[in-house]
Every structure is written in structure tokens, then in C-alpha cells.
Amino acid sequence: MTEYIFYFLSFVSVLTALLVISARNPVHSVLYLILCFFSIAGHYILLNAQFLAIVHIIVYSGAIMVLFLFVVMLLNMNAESEPKKPMFAKLSAVIAGGSLFLVIVTALKKAEMVPVISPAESEIGLVKNLGKVLFNDFLLPFEITSVLFLSAMVGAVLLGKKELD
Amino acid sequence: MQELLQNVRLVPMEHYVWLSSLLFCIGVMGVLLRRNTIVMFMSIELMLNAVNLLLVAFSAYANKPEGEVFVFFVMVVAAAEVAVGLGLLVMIYRNQNTTDSQALQTLKW
Amino acid sequence: MSSSEILLLTCLLAPLSGAGILLIAGRSLPKSFASALATTSVFLSFIAAFLLFRQTGAETAAFKLNLFSWFTAGKLSVDMAFRYDQLTALFLLVITGIGSLIHLYSAGYMHEDEGHNRFFGYLNFFVFFMIILVTGANFAVMFAGWEGVGLCSYLLIGFWYKNSDYNLAARKAFVMNRIGDLGLLAGLFMLLNRYNTLDFEALQEAVKAVKSGDAYLTTATVCLFIGAMGKSAQLPLFTWLPDAMAGPTPVSALIHAATMVTAGIYLVVRNHFLFSLTPATLDLILYVGLATALFAATIGLRQNDIKKVLAYSTVSQLGFMFIALGTGAFTTGFFHVFTHAFFKALLFLGAGSVIHALHHEQDMRFMGGLKKKLPITWITFLIGTIAISGIPPLAGFFSKDEILAFLYAKNPILWGLALLGSLMTAFYMFRLYFLVFHGSYRGDAHTESHIHESPISMTLPLMVLAACSLIAGFIGIPEVFAAHSHWLNHFLGNLIPVQHPEGISHSTEITLMGVSVTAVLVMVAIAFRVYGQGKVVPVAPEEEKNPVFKLLAQKYRIDEFYNFLFVAPFNAISQFFGKIVDNQIVDGIVNAMGNLAMTTSGLLRLLHNGRVGTYLLAMTLGVILVLAYNLIF
Amino acid sequence: MLTALLVFLPLLVSVVVFLSPRKLAPGIALAGSLAALAIAALMINAFDPALGRQFSFEQAWLPDFGISLKMGVDGFSLLMVILTTVLTPLILASTFNQARSSGFFGLILFMESALLGVFVAQDAFLYYLFWEMALIPVYFLVLIWGNDNNKVVTYKFFVYTLAGSLFMLAGILLLYFNNPARTFDIDQLYTLQLSGNQQSLIFILMFVAFAIKLPLFPFHTWQASTYTVAPTAATMLLSGIMLKMAVYSIVRWIFPIVPLGAWVWGDVVLGMSIIGVLYGGWIAVRQDNIKTMLAYSSFSHVGLIVAGLFCFTEEGIQGAMFQSFAHGINVVGLFFIAEILFQRLQTHDLKLMGGLRVSAPVLASFFLILMFGSIGLPMTNGFIGEFMLLRALAGYKLWLGVLAGATVIIGAVYMLRAFQKSMLGGSEKETFTLSDLTLREKIILFPLAAVVIVTGIYPQLILQITGPASAKLGELFNVYLNYSSLN
């Protein structure tokens, strides 16, 4: 049963990912990407990483993609304003991406898999456990991220201003 | 729910590897394929997520929390990056009146 | 330090200190003081040389004054060492003796000149280097003197430096000497390579075991002789000497007649132990000397410039000296140097006196009839002319006749040729004499009214030199007349093996003398017939009708020939190297390297088309390649 | 300690000069260079040629890479140190009447420090550092204070010499990686046992740098143009001292480390240098720009120096060291005279000069002395050097000695021509009336002229400094010489 869920989710994520890059209208791309992210969140749940799944939905689907959508709308983009690439460039892009996939797959094929446990037995993804790790071992980086956010905020505001006076 | 999760073991870890590789490559392809910087940016997000997925998978199968913590940080950085990146894009659009990546050639010489 | 060493050092340092004072502080010294200082310093040198000579007999061993080690490196070790032996003794006497006379003469001759003090400085400097040249105990020290006199010669030929022609003449002299010097250096290096020493004594020891006719040594001596050729103005390196007459006349007398130009003969005589081992070189010397003697004498026949005649006569006489050396009669060669120094200095100074009286007129076409006006000059000049012509019992006769005797012993045909040269000498010298002193004055009236005999400081040296020209020959009275009468051979005998003309009986020798003296007298008579009356006056070379005479007057156009053959191509090649080869080819290649980088960078720059997509694609391909590489290898 | 002081004192003073006002800068710079001279004098006083390297100074710097501040002075170094410290104050003083900013003087001192560093460094890395450091001030001196067309010329000069240096860096790195001790320490490098091919490779790599710096034919084309456009002080530094870096480097870094490589390539180098001797001299014959003429003459002289070195005998090495010193003195003097003429006449063109001796006899006399030094007249320093070099060459191959000996003729031709064109004549040409030397100029020229004559008469003063070091090098090559004479 679970495997079917896995394969279904995988199918959705790959399909939507492909649609993201192939959709003419950027608005559609954004919407497909949101779908893709939801399916990935589903994978997280399958992997027993509930906390991350929630965070993922909030941050990506909730914040980031809304931001994207907002910008796309703001810039009034649609299929007509979309710049077109020559066929040759498209083809080379597909070939490059495909061969990259091939190379990665070949490389990973050779990789040796270490013995693993079932993700179901791991409880690290639970909020309680992850919180402990985060606030015990990774407290300093965690705090520093706040500085990162602050600076990103300042940067975004600065960039967004019309003119520096 | 518990039972549902019990069965996950039936999915081999390799499959997660294949899946995230595929997503990553689709992201790469997207970056190469499109000229709209916003879509290129989204493809980059896709690639990030592919990697995140792999990290979570590894973390879960190895029963080690660091992977997930790392994903957490990646998300943080991604959020910051998107904020700044989109700000930049809006700036560029204001100046160039387009988001076409080919419009940005002035650093050529 | 023994007394002899102190004397030798005095001999060396007196002119040096004079030169030093005059060259450094000369401009602030009064003229009279400068000339007195210079003359005194050389005279002091002469006294030292004379005292040394007094201590020296035929049997006296040579002594060496080793001042310090000049330079050493590896196997090469050269001492700043001086050597005094019989040969040096005589040369020193000539140099300092004639040197002091000429200094004295110059005090009068150069009195009006603005560069008076500088002149004496150079002249003192010259004497210093000449002494170094003849006292050097090894080739390096000798070479120092050799080049030093070249320097002074350069400075003095170009003494009147405002005149560009004089400067060119000076440069020509220096460069031509340098060509010879390269030969000399090559010879030195050959000797060094084999014997590893430059010391004359050590070399003499070293070559004792060498067989006569050794090929290596022959090459080395030929190289040495090339050096001598340059310095002593032999064919083909003689053209600088006539041009060197651009210098003041005392300079011509001292440097370009009496002393410096005989350095080549000194070199050969000093190294007789090398040359006597190499008969082939001696033959070369003989033929070069003979050719030069004849060649220069023919030119001398048709020259109008009084100093040029004397210059070509000097070249010719130097040829005679080399003939003597070529026959292996080293002492005879030196004998001619000795006598020639007196009468040629006398002739030059006499000519200088004439020139001085005529306000620097040197062209004989505008002279004549000066016998009455310049009595002392006239008499002394006549003595010099007789001496050089080889009329007994004046100095020239003895030395020249000895040369002819040796030559006859070697080959009568060569003797004939040399006799021809000597006859030409007699002819052109008497032509000169008659043109200047006989007939009537041909210059302008203004100059004529100012002609007067030179001051005592100039005539005194003339008289002394005339006296020497009269008697100098008696140091080498031929053995024909009395046994052991040849003092010179006796004196030098221990140092240089004395040769005797082989296979010639006394009667033959006397006959030869008779023939040559008679022939010379005939030539004098012809000269008198042609020029004695003052009727025939030479014309300018351009107006010469007879093509042969014209060629002679134009000195066989040898300067033009050299210009065409060497100088012009040399300059053209220099231009070619500088403008074409260096700028276009060598630098062109360098610039082409730069341009190559520029061009390729221009081409590579096209890859940077500024499209993010292209860069990304390239990056991806790069990543793929890296990964693929890792997979494959 | 003395050595480190010698190198770093000028560097420190140069910083002070950079910061000091225009009025004080020349004085401070001169004081700094004189202090360096004083240190050098202390060294000469305490130096014993027989002892080899002295005044050693060692301080670890980057121990992980085997790099240390290792310095010391042996005969070769000391000679070059003397040359540098004697010439720098004179070069500084030669520019005092020109209104130039503090930077100019600072750069000259900086240069002195770098040059001294090259001469005393006993660590390959340190040596390379100083070597490159010496290029920087010259670049700026020529670029900022050079006359017209200087940009192209400077660019070419800089790129050319830098390219050469990179080959040397490769050579040094090769040495480093072949050194099991993994240090740049010269004593370690001296003990290396390298194969013939390695030696050849390293020799070529390092020699390219030296051939460009010297310069040797056919790497010389930067020289004439750079010397011509550079401000004369920079020209003096370049010709008087900087090219001696290469001569010194050959005896310090090539001969003892890769003797076999040098031996194998010796004939090629000889060929290059002797072509340079004749070719450079020949070109100099028709140059009308006095600085260009001197540049080609310098090129010609340096060819002879290198030819002497590559005879691999003690005479040759001694001659080369002596001639390096002599050439430094002569060429600086001659360039200074060119500068004096330029300041008075605003031209370097010999065709526009003439008859200067009339109004400037003292100048003419100094010119004469320096010129004859350069021509190699006996009793001047040039003769000793030339004689020893030619002797060494003739000892190696007689015909080479004679061929290179043609320089005594050609040298006389171009030098006398220059002298004649500038100083002599005057009756038919418009005569310049120029003022004779000032006291400052006399003070600069007098020591130079005095050195020309004193070292010409008593060259042992110089020869004894480098004697034992040259002898040691000569012995090193005796093996090869004996071997080749067997065949």
C-alpha cells in the first residue's frame, strides 16, 4: 500500500516538475511548482519527518511560492510576454539535462549502500526529537539564521525601494 | 498511521535517490531551457528541493538527525535567498522592462 | 730597493707626475711653468735613463722590478713588472732623449696655442706610456703601454679638436691600431694557451725546446706581427699614419716618426726568440716590409704636403726596418730604428720650423728659397736629408747599408728592389729639400715679410738632433772596416743573437756599398736637375696630367678603396642590423608573440557572448564531464 | 643580522620617503642609501674572502613550505652589494635637480632593497621574491617618469621580463619538488643529485629568465627602447645593477646546482652571447640617440660577460665578476653624462650635438675617462675585465676569443664616434654653449672616474673579493673540463 503512495507521489512530483519547466505561462509554472512541493511534503510524511513536512508546506508553498506568484502577477507576465528560445538551444538543454541524469545515475549505481533501518523506526523527524537536537547541538547556527534573515530582509527592502536617495 | 508507516520499508532507499536525481535534473533542464529569469529561479528551487528530499531520505534511513537539521537550514537560506533574489528581479525588471536573461549582457566586456 | 730600481721608477714616474699635474690642474697653470714642468720631467727621466745606461755593459744581467701582482685568476697571473736590459736601455735613451728635445721644441712651437698646457700633459703622458711599453716585463704590461701610446696618439692627432677632419684622422688611427691590437691579443692568447705565461723571460725559457718552424708558433707570431703592422703602419694597415699628420708637428716627430711607430719593431726584437723559431713569419715580415717600403716610397714621390712626404717616408723607412727583421737580423732592425729616430725627428722638427715660420703653411708649392731666411733650419734639414738618403758617413748610411747587405745575402733580387726603394727615398727627400729651401719663394708676399728663424728653444733641438744624425751611425760601423767595431752588436750581443750576412765576402759587401752610394748620388743629381733650380713646381693632384703621377699623388686612392671595401659596407650592415634585423625581425618575432596572445584572446573572447544561458550550459557540461571523468577513470 | 639590516633598512627608509613631503624626500633617501653604504663598508671591513659565506642570518618564515629568511654574503654577493650600495647614492644624487615627487626617490630605495635582497638571499623562494620585487619599482619609474611612448615600451618590458621570471619560478619549483628535504634552502639545493635531463630542463627554465634580464641575443629587443625612454635614473639602475642580478644569479643559482645542465648548454649560450657581442656593437655603430647607443653597447658588453662565465674556468668567472662591476661603474657614468647633456640641450640626438668640449672641458674629460674605461683601454677597469674574459674564451676555443675580440675594434668605433659627435668638432657646426659641470655633477662623476682608474691599475682590490668563490666554482667544472679533454 505504502509503495503505491510513494509511486503516486513520485509520479505527481516528476510530472508537475516537468510541467513547471515546460509551461508557457509563468503563472502556471508557479502553480505546478506548488503542487510539486505538496507532493514532496507527502514524501516527507512517508519518511516520518512530520515537522519538516509542515515547515516545508508553510515555508515553500505558503511563503516562497506566494512570493513568486505575487511577483509574477506584479510584473504582469503571461504566455505572450514569455521569451522564446531557439529549438537548437532547447534541444541542447534537454540533452545536457538528460546526460547529467545519466551520469548521476551511473555514478550512484556504483555507490555502495550502507545497511539501513526502516524510516518508520526512526523517530527523529518528530517535533520533539528534532527540537531537542536543534536547540542543543545546533543552537548557535539556529540563532545565526536570525541574523541572516534580518540581513535578507534589509536587502529585500533596500532593493525594493524605488530610488536610493 | 503507524501501520502505514511500517510499510515504508518496502520502498528501497534507491528509489528516493532516483527520484531526487530526476527532480534535480529536471531543475537543471529548466534552468537551461528557459529564458525567463523567474522560471529559471523556480527551477533552482526545484533543484534545492530535490536535494532536500534526498537529505531527508538519507537521514530517515540512517536514523541520524543531522540531515533533517540541515534541510531545515536549507529552507531558511532558501527563504532568505528568494526574498533577495526576487527583489533583484524586480529591480532588473524596473530597469530593463523585461525578465529575459539575455537582456543582461552588459558584463560581457 | 736597489738604486737601479729607483732610477727605473724615476724614469717611469717623472713623466707620469708631470702629466698628472698638467692634466688635472693644467688650466690654472701659466704656460711657461707648464712647458718647463713637462720638459723637466722628461729630462729627469732622461737623466735616470742615462745613469742606468752608464751602469749597463754588454755583460750586465737584466733586472726586473716587480711592483705588485696586477691581476690573477686561476692559471692566469700577471705582474705589474718592469724589466731593464740592454734593449730597453737603448730604447729608453731614444725615447727620453728625443722626448726631452721635442718637449723643449714644443715650448716654442706651441707657445701661441690655447691648448698649450693640455698639449704638454698629453705629451708627458705619452712618454710615460712609451716607457711602460719598452720596460714592461711581460706582454700585458707592454700591451698597456702599447694601448696607452695609442690613446695619446689619438688625443694628440685630434689635438685641434675643433677641426672635424683631424678628429676623423684621430679616430681612424685609433681604430686601425685596434685592428692590429686584436691580432696582438690573439697572439698573446695563443702563447698563453700553450705556455701559460706572458712573461718574456719565462716564454724564452719555455720555447727553448720548440723546433724551428713549429706551426702553432708560426700562427702566433703572425698574429703578433699583425699587431706590429697596425702600430708600425705596414701594409695594409698603414693609411692612418699619413692622416695622423693632422696633429701638431712635434707630435708627428715624437710619436709618428721616432718612437711610437717603432713599437712594432720593438715587439719583434723583444720576442726575437719566438720569431727566430718561425722562418715563415720572418719571410712574411720581410715581404710585407719590402712591399710597404716600395709602396710608400712611390707615393712619397708625388706628395706636395711637406708633412705627408715625411709621413710616407716614415712608412717606407719602417718597411726597411721590417725588412731587416725579416732577414733575421734583429739588431740591424733596431739599428735602423735608432738612427731613423734621430734623423726623422730632425726632419719633422725642421719641417715644423718651416711651417711655424710660414704660419702653418704646409704645402710645398707655396714654399721655396727658404735657405737664406731660415739658416739653422736649412743646415740641419740638409743634414737630415743626407742622413736619410744613406750617404756616408751620416747615420742613415750605416743602418740602411747593413739591411741591404743582409738582403743581398738572402736574395739579390730583393736587394735590388730594396735598393730601388732607398733610391726613391733619396729622390723624394731631395725633391722636398730643393722645393723648400732652394729656388725662390712662391707664397704670398704678406707671409714672406714675416718669415723669421725660429726661437732658440726650437733650433737647439734641431742642432742637437743634427749632431746625433751625424754621429749616430758610428755605433754600428760595419765589421768590414774594422774588427769588433760594431758597438751595437756587441752591446746587444748577449741579449739578442747577432746575425752576419752569410755567404758574402768583404769585397762583395764593399762593392754593394759602392753601388748603393753611387746610385743614391745619381738620384740626388737627378733631383737637383729637376727641382734644384726652382723651375719645376709640382701641381695639385687634380691637375696632374700624367695618369701614373696622378695615381701616385692620390696615394693610389687607397683610402677610397678601403672606404668602398670596408667602411661603407660596415656602416651599411650596421644600419641593416639596427633598422631591419633588430627592429623588424628579432623584435618582430617578439611582437608577434604578443600579437598572437592578443589575437587568440580576441578569438576566445567571442565565447563570452554574455548570455547567461550559454554560461549555464557550459557549466553543466563541465559538471557532466567532471563526473564522467570520475566514472571512466 | 648585518645582512638583514642591509636589506631591510632601505625598505624601511623607502616607506618613510613615500610618506615624507617632497622637500625632505631626496635628503632622506640619500641618507638611507648612505646608511646602506655604511653597512656595506662594515661588511667589507669584516669580510674574509677565504671563509665563504658570512654574516649569515636565518629566520624561519613559512616552515610548512620549507621557506625561511635565509641570507648571507659570500664573495660574489659582497661584490654586488658593493656595486649596488655605491651606485645607488650616486644615482639618487644624479636626480636631485629635477622636480620629482617623493615617490620617485622612494621607488629607487625600494629598488635598492630588492636588489640587495637578490644578492644576499640564500633561499630560493626568498630570492625569487626579491627578484620580482625589483621589477616593480622600475616599472613605475619608467611608466610615470619616462618620456614619450613610454606606455607601450614599459608594457613590453614588464611583460617580457615577467614572462621570463615565470620560467624561472617553474625551474625553482622543479628544484623544490626534486628536493627530498622539501626546502628552498640553497645549501640543500647544492647537495641535490639531479639527472642530466632534469638538470637540462631546470637550466633552460632558469636561464630563460636570465637571458631576458641580461639581455642575451635574441631576447634583447626590450632593452634599447626601455633604456631610451626610461628616466635616466631608471636606466642607470637597469643597466648598472639590475642586469648584474642575472650575472650573479648564474653563478649563484645555476652553476652550483645544475652544473651538468649548464655544461651541456654552454656552447649554445656561448653562441648566443658572442652573437650579441658583435651584433650589439655593430648596431651601436650607427645609433644617433646616445642612450640607444649606450644600450646596445651595454648589450654587447654583457654578451662578453656571459661568454666568459660559460667558459667554466676560474679566469672566466673572475673576469665576468670583475667586468660586471666595471661595466656597472662605466655605464652608470656614461648614462649620467647622457643625462647631463639632455638636461642642458634637451636632446639625446648626437647629430644635434657637437663641439661641446669647447665650453665644457671638464665634462669632456670625464666622458673621455669613462669612455676609455668602456672601450677597455689598459689602466682602466674595462681592460682587466675584457682581457680576462677574452683570455678565458680563447682558452676555451681560440677562434671564439678572437671573434669576440672584435669587440675591441667595434667598441672603439662606436664610442669614439659618439665622443666625436658630441664633444669634438665645432668649427663648422653651430656650437652649443653649455655650462660645464656643477659641483654636484662633479661629486657624482669623480668617484666613478676614480674607480675606473684605480681598479684598472690595481684590480686585485676587486678580484680578491671574489677570488676564492670563483676558484671553488672553477674546481666544480674541472671534472667536466678534464672529461671533455680526454675525448
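Q: How many residues of α13(D) are buried?
A: In this predicted model, 20 of the 20 residues of α13(D) are buried, so the helix is mostly covered.

Q: And what about its length: how far apart are the end C-alpha atoms of α13(D)?
A: They are 29 Å apart. With 20 residues (290–309) at 1.5 Å a residue, the helix should span 28 Å, which agrees.

Q: Switching to chain C, how do β1 and β2 run there?
A: Antiparallel, with nine bridges joining β1(C), residues 63–73, to β2(C).

Q: Which residue of β2(C) is the bridge partner of C:F71?
A: That's C:V78.

Q: What's in the turn of that hairpin?
A: Two residues sit between the strands, and C:G74 takes a positive phi near 60°.

Q: Why is β2(C) largely enclosed by the rest of the structure?
A: Because eight of its nine residues, in the run 76–84, are buried.

Q: OK, on to the chain pairs. Which two have the most contacts?
A: Chains A and B, among the four pairs of chains that touch.

Q: How many residues are in contact between chains A and C?
A: Nine residues of chain A are in contact with nine of chain C.

Terms used
Residues are numbered from 1 along each chain as its sequence is written. Chains are lettered from A and ligands numbered from 1 in the order in which they are written. This is a predicted model: local features need pLDDT of at least 70, side-chain atom pairs count only at pLDDT 80 or more; totals for chains, interfaces and linings use all residues. Two residues are in contact if their C-beta atoms, placed from the backbone, lie within 7 Å. A residue is buried if 20 or more other C-beta atoms lie within 10 Å of its own, exposed if 12 or fewer, and partly exposed in between; C-beta atoms are placed from the backbone. Helices (H or I, at least four residues) and strands (E, at least two) are DSSP runs, numbered from the N terminus. Two strands pair if DSSP finds at least two bridges between them. The expected span of a helix is 1.5 Å times one less than its number of residues.
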